[in-house]
Amino acid sequence: MLTEVYRHVLLLIWIFPIIWANSSGSRRKDAHHEKYTDWKQLWHPNYEDYSRAEASLGLDNNTVTNVTVQMGATAYLHCRVRHTPDRTLGGGDQVSWVRRRDWHIISSGVFTYTNDQRFQILHAEGSDDWTLQIKYVQKRDNGTYECQISSGQSLISHYVNLDIVVPEATIQGSASGEHHVDVGSIIDLICIIDNSPTPPQYVFWYHNDKMINYDNARGGITVETALGPPRAHSRLTIQNTKQADSGNYTCSASNTEPASIHVFISKGVDALIPMRLPRQCNASAHFMMQLNKMRDTFRIEFF
């Protein structure tokens with residue numbers, strides 16, 4: 001009898017942790033499902049998609065998108081809202097865009113509330129995309145924009161971080177602002193354009209004030225340009241340089257401020273050395289003659 005009681009006690013000790021673990025796991029799953037309410041279905045078509053989004057973002061009802069646009073271009077900030085059979089956004093009056101920097105309400109539905117005509121809402125009837133368009137973006141447009149979707153007593157927010165980049169042109173080796181080459185050698189200049197998501201339409205090279213990309217009169221000039229993105233570069237090569245090739249060289253792209261360098265053309269070192277030696281010898285001979293005159297005049301004795 002006592003042995004039978006011990007057997008039942010041991011059986012319960014072994015089975016109870018298993019039952020408890022399954023029960024706890026089920027409760028956790030049910031609690032997680034409760035977080036996936038019908039208003040979140042506007043963003044996620046099923047529970048698995050919602051779980052993946054929550055795991056990657058660590059947020060309950062917010063999503064974040066990063067958008068990079070170069071200055072002067074057009075930015076498109078997308079806000080996609082999924083329609084369900086029993087829930088639609090009639091007239092679009094439940095979708096708003098807010099600029100988080102100053103909490104300015106930019107739009108409600110398709111109507112904008114700003115005097116800045118660069119802002120516009122793009123939305124086709126029946127579409128799930130409510131796009132905030134910003135034309136000719138400036139550095140001051142940088143920041144976070146919030147798309148708010150009102151659904152009953154709940155609010156869904158989608159954040160877009162807009163990063164405005166300014167393309168920058170530099171000529172390699174131009175830190176000093178000067179470039180020295182010998183007569184008869186080659187001028188080789190490389191212009192790099194960084195932070196250019198949209199490639200420039202052109203890159204022109206200027207010698208002083210004259211554009212030389214297509215200079216057939218001078219001859220020996222080649223320009224090779226690769227427009228990227230995100231980096232564009234252009235290479236200027238001038239063969240058989242002459243003194244007339246000295247001057248200011250400028251790389252000018254369509255989407256950035258120009259970069260310049262001053263090129264100096266000089267005779268090679270081998271040509272300068274023979275000219276310096278005679279002057280040094282003449283100076284030494286002249287000094288010895290003057291010293292001899294002083295010795296004769298003052299009768300200085302040298303030991």
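I began with arginine 235 in this predicted model, and found that arginine 235 forms a salt bridge with aspartate 188, with 2.6 Å between the closest N and O atoms. I then looked up where the two residues sit: arginine 235 belongs to strand β16 (residues 232-238) and aspartate 188 to strand β12 (residues 187-194), so that distant parts of the chain, 47 residues apart, are linked by the pair. I noted both partners as partly exposed, arginine 235 with a relative accessible area of 34% and aspartate 188 with 32%.

Next I turned to aspartate 245, which forms a salt bridge with arginine 218, the closest N and O atoms lying 2.9 Å apart. Because aspartate 245 lies in the loop between β16 and β17 (247-253) and arginine 218 in the loop between β14 (210-211) and β15 (221-226), the pair ties together parts that are 27 residues apart in sequence. Here I wrote down aspartate 245 as buried, at 8% relative accessibility, and arginine 218 as partly exposed, at 24%.

I also checked arginine 100, whose side chain meets that of glutamate 146 in a salt bridge (3.4 Å, N to O). This pair links distant parts of the chain as well, since arginine 100 is in the loop between β3 (95-99) and β4 (104-108) while glutamate 146 is in strand β8 (residues 143-151), 46 residues apart. Glutamate 146 is buried, with a relative accessible area of 4%, whereas arginine 100, at 27%, counts as partly exposed.

Last, I looked at the whole set: the structure holds nine salt bridges, and I recorded that Asp116, Arg118 and Asp141 are linked in a salt-bridge network.

Conventions. Residues are numbered from 1 along each chain as its sequence is written. This is a predicted model: local features need pLDDT of at least 70, side-chain atom pairs count only at pLDDT 80 or more; totals for chains, interfaces and linings use all residues. Side-chain values use heavy atoms; hydrogens and water are left out. A salt bridge is a side-chain nitrogen of Lys or Arg within 4 Å of a carboxyl oxygen of Asp or Glu. Helices (H or I, at least four residues) and strands (E, at least two) are DSSP runs, numbered from the N terminus. Buried means under 20% relative accessible area, exposed over 50%, partly exposed in between (1.4 Å probe, protein chains only).
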